[in-house]
Amino acid sequence: MSTLLGTANSSADWLQTGMAIEFLGTSSSRPTALRALSSVIVHHQSGSLLIDCGDGTLRQMVMSRTAKPARIQAILITHMHADHYHGLPGVALLCASVGGSDSVAGIGNTSTNWTRKITVIGPRGLSRLMGAVTERTAVITELPSPTDPPPTDTPHRPNHDGDAPIELH
């Protein structure tokens with residue numbers, strides 16, 4: 001069961017109050033009988049942001065009264081541990097296939113009309129991990145890590161003599 005936090009008195013009126021946070025999963029690397037893997041939705045009047053997408057997130061969304069796939073505007077994967085991204089393919093498929101509808105009917109149907117691509121933001125390597133699923137369901141932006149080497153197209157500027165360029169880092 002998910003937990004909804006916010007300024008609303010009930011889960012039904014969070015849209016009128018502005019923002020709410022729904023914990024779909026708070027378990028560590030293994031789900032338990034009462035807790036799913038990492039997954040949090042930040043609800044706002046303009047849409048929702050899913051933070052992390054552990055295995056079982058899709059089921060938690062279906063069970064939730066407020067986690068509507070059509071309202072999810074983006075998914076943020078915080079880091080590349082399996083308990084934070086294993087549910088991503090299924091959730092991305094669901095969000096892309098429901099379009100403006102909150103129905104989960106038709107999930108897995110090969111003739112589904114893919115009405116949108118969900119934005120997924122995460123660490124380097126995420127697009128490779130998503131593989132073929134991204135072609136139909138997501139646009140992934142990878143964020144650089146502080147330990148990544150500098151890009152090869154680093155800008156140059158002349159040194160104090162104006163002779164040789166100095167590479168900026």
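How far is the sulfur of Cys 53 from the closest cysteine sulfur? Select Cys 53 and Cys 95 to find out: the closest cysteine sulfur to that of Cys 53 is in Cys 95, 8.1 Å away, too far for a bond. The structure holds zero disulfides, a disulfide being a pair of cysteine sulfur atoms within 2.5 Å. Cys 53 is buried at 0% relative accessibility, and Cys 95 is buried at 0% too. Buried here stands for under 20% relative accessible area, with a 1.4 Å probe and protein chains only.

Before moving on, note that this is a predicted model: local features need pLDDT of at least 70 and side-chain atom pairs pLDDT 80 or more, while totals for chains, interfaces and linings use all residues. Residues are numbered from 1 along each chain as its sequence is written, and side-chain values use heavy atoms, leaving out hydrogens and water.

Next, click on Asp 52, in the loop between strand S4 (47-51) and helix H2 (57-63). Helices (H or I, at least four residues) and strands (E, at least two) are DSSP runs, numbered from the N terminus. Asp 52 has a positive phi of about 65° without being a glycine. Most residues other than glycine have a negative phi. Asp 52 is also buried, at 6% relative accessible area.

Now for the largest nonpolar core, which has 20 residues. Such a core joins buried Ala, Val, Leu, Ile, Met, Phe, Trp, Tyr and Cys residues through side-chain atoms within 4.5 Å. Select Leu 50, Ile 72, Ile 75, Ile 77, Leu 88, Ile 118 and Val 120, which touch the most other members. Elements giving two or more residues include strand S5 (72-76) and helix H4 (88-98); H4 gives the most, with four.

How values were computed. Buried < 20%, exposed > 50% of the residue type's maximum accessible area, 1.4 Å probe, protein only.
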